[in-house]
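I opened this notebook to record what I looked up in one structure. The entries follow the order in which I consulted it.

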Amino acid sequence: MKTTFKKLLPFAVVGVLSGATTVGALQYFGHGSNNGDQSYFTTAAPNTSFAGMNTGAVGDDFVKAAKTTVPAVVTIKNYQSRTSSRASEQDLFDFFFGDPFGGRGQQRQKQQQAPDNMPSGMGSGVIISPDGYIISNNHVVAGANKLEVVLSNKKSYIATLVGTDPNTDISLLKIEEKGLPYLNFANSDNIDVGQWVLAVGNPLGLNSTVTAGIVSAKGRGIGILGGQGKATNPIESFIQTDAAINPGNSGGALVNTNGELIGINSAIQSTTGYYQGYGFAVPSNLARKIVEDIKKFGIVQRGFLGVQSLDLSNDQLVSSYNKQFKTNLKVGSGIYITGFGENSGAEDAGLKKGDVITKVDNYDITDFADLSMSIGSKRPGDKVQVTYSRNGKESTTSVTLRDQKGGTSTRTKADLSVTEKIGSEFDPLTERFKTEYGLNSGVVAKNVSEGSEMAKIGIVDNYIIIEINGKPVNSQKDVEKILEKYQGNVQVKFVDDYGRIYTKGFKMP
């Protein structure tokens, strides 16, 4: 297997991995169904008009938008226990969310845990319903054992984490309150480059900060979600803005001049880690789909085309592919199909290796970010019209999207397998390995999901699980047999990279 090429061209089931190459340091700063319940969160009126660059009363528009937005943007404080062995991660955490110690983070003793009454990090969130649902970033809430939400009027609540999605960096929280101010979702497909926008959040501990700028670009894939190693199938099609945003803005609102939500601020591109004019927000259409899935199903419903693909707009990938496979593909626009996954809806619909996808429904596909957004906002069972070029001739076919297991129906948490529920897969240990290390049993943790039950107790890829609930495990089937239909507390005995043995637990989801 050609490892060099695999690094440049990872398997992309829907062709959504970003091929963009970014300059400078990328850092997080803080980052159609007819079912009624899936339309729980309010959408702005469809006839909404946007302020242009030459609007005479644009100052008044900013004031009105700010008055609408500020009361609906909250501070989120993330409390968690942190050990001295993870001091470097503490530094990153402070960097992402802003230093809760008022700039003294570098001076505090790294061998000590943060005090129990002091948050490990702080970010922002947006109230999206009057009964207390709040949208934010996944990395704002990651690793928390307590989440505190502070409104603009300084009222404080302990929030429940409803669910998260590392693939889009979106999370959904809930506080118990009624009659709250909230923002409507605008149709992010309707935004234009050059349109005025406001960013509202809590950068660097400065609560309820409003900055103005324009939409600098749309459909940006910057490689940050997959690059951080937390997302297995990242969806990146960011709105780029030059509105000033900094650490602590993460999870805050990007709004139009009507005060309607067009994006959730999620990342910056910077050589310093602070504002240099390049901020990125998750489009509101995608963010809304994610939180509606989490609210209704408990998990994100993700549709896949089932193709392995090459981004023809990326000259480095094209050059590597040509060199590897002795082809002569030209750099251009579109997604070149290099193969298919198992149970591929695209293959069943008649697409072939060598076809170039140019459009999904009415959405032009120029690069991975376009395909990422057009497919990532769909659910299993949805049908999309895929336009493709084959030997210079353009054709269109209808593709039924499937989940990663080939299913075409939505699922709830109850439908998940044991490994999906606890967030890890397992490979057996060889008998030779057991003998050399004196183990009578064990499996190797693989593909541990961020925020999963296994991750929460400190397990990462390549840790060895010896026992579950006091029973030895030697295969993934052993794990599934022990935990299938099990309810209650789960005890896990495992070995870390240094050979240290731990016993920790979680409640079976």
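The entries below go from the whole chain to single residues.

**Entry 1. The chain as a whole.** I noted at the outset that this is a predicted model. I counted secondary structure and found 13 helices and 25 strands. I then looked up burial: 51% of the 509 residues are buried.

**Entry 2. The barrel.** I traced a closed barrel of six strands in the order β2-β3-β4-β7-β6-β5, paired in antiparallel fashion. From one strand to the next, the twist averages 40°. I next asked which strands helix α6 touches. Helix α6 (residues 284–297) packs on the sheet through β4, β6 (156–165) and β7, and its direction makes about 50° with that of β7.

**Entry 3. Nonpolar cores.** I looked up the largest nonpolar core, which holds 36 residues. Val126, Ile128, Ile135, Ile170 and Leu261 have the most contacts inside it. Helix α6 gives the most to this core, with five residues. A second, separate core has 26 residues, including Tyr321, Ile357, Ile365 and Val384. I returned to Ile170 and listed its contacts, leaving aside residues up to four places away in sequence. Among them are Ile135, Ser136, Thr164 and Asp165, as well as Ala287, Ile290 and Val291.

**Entry 4. Helix α9.** I asked how many residues of helix α9 (residues 368–376) are buried. The count is nine of nine, and the helix is mostly covered. The buried set includes Phe368, Leu371, Met373 and Ile375, and I noted that Asp370, Ser372 and Ser374 also belong to it. At the start of α9, I found a side-chain oxygen of Asp367 within 3.2 Å of the backbone nitrogen of Ala369.

**Entry 5. Positive phi angles.** I kept in mind that most residues other than glycine have a negative phi. Asn447, which is not a glycine, has a positive phi of about 55°. I located Asn447 in the loop between β21 (443–446) and α12 (453–456), and its relative accessible area of 48% makes it partly exposed. Asn469 is likewise not a glycine and has a positive phi of about 55°. I placed Asn469 in the loop between β22 (464–468) and β23 (471–472). Asn469 is partly exposed, with a relative accessible area of 24%.

Definitions and conventions:
Residues are numbered from 1 along each chain as its sequence is written. This is a predicted model: local features need pLDDT of at least 70, side-chain atom pairs count only at pLDDT 80 or more; totals for chains, interfaces and linings use all residues. Side-chain values use heavy atoms; hydrogens and water are left out. Two strands pair if DSSP finds at least two bridges between them. Helices (H or I, at least four residues) and strands (E, at least two) are DSSP runs, numbered from the N terminus. Axes are lines fitted to C-alpha atoms, for helices over the stretch in contact, and angles run from 0 to 180 degrees between N-to-C directions. Contact means heavy atoms within 4.5 Å. Buried means under 20% relative accessible area, exposed over 50%, partly exposed in between (1.4 Å probe, protein chains only). A polar contact is a pair of N or O atoms within 3.5 Å; within protein, one must be able to donate a hydrogen and the other to accept it, and residues adjacent in sequence count only if both atoms are side-chain atoms. A nonpolar core is a set of buried Ala, Val, Leu, Ile, Met, Phe, Trp, Tyr and Cys residues joined through side-chain atoms within 4.5 Å.
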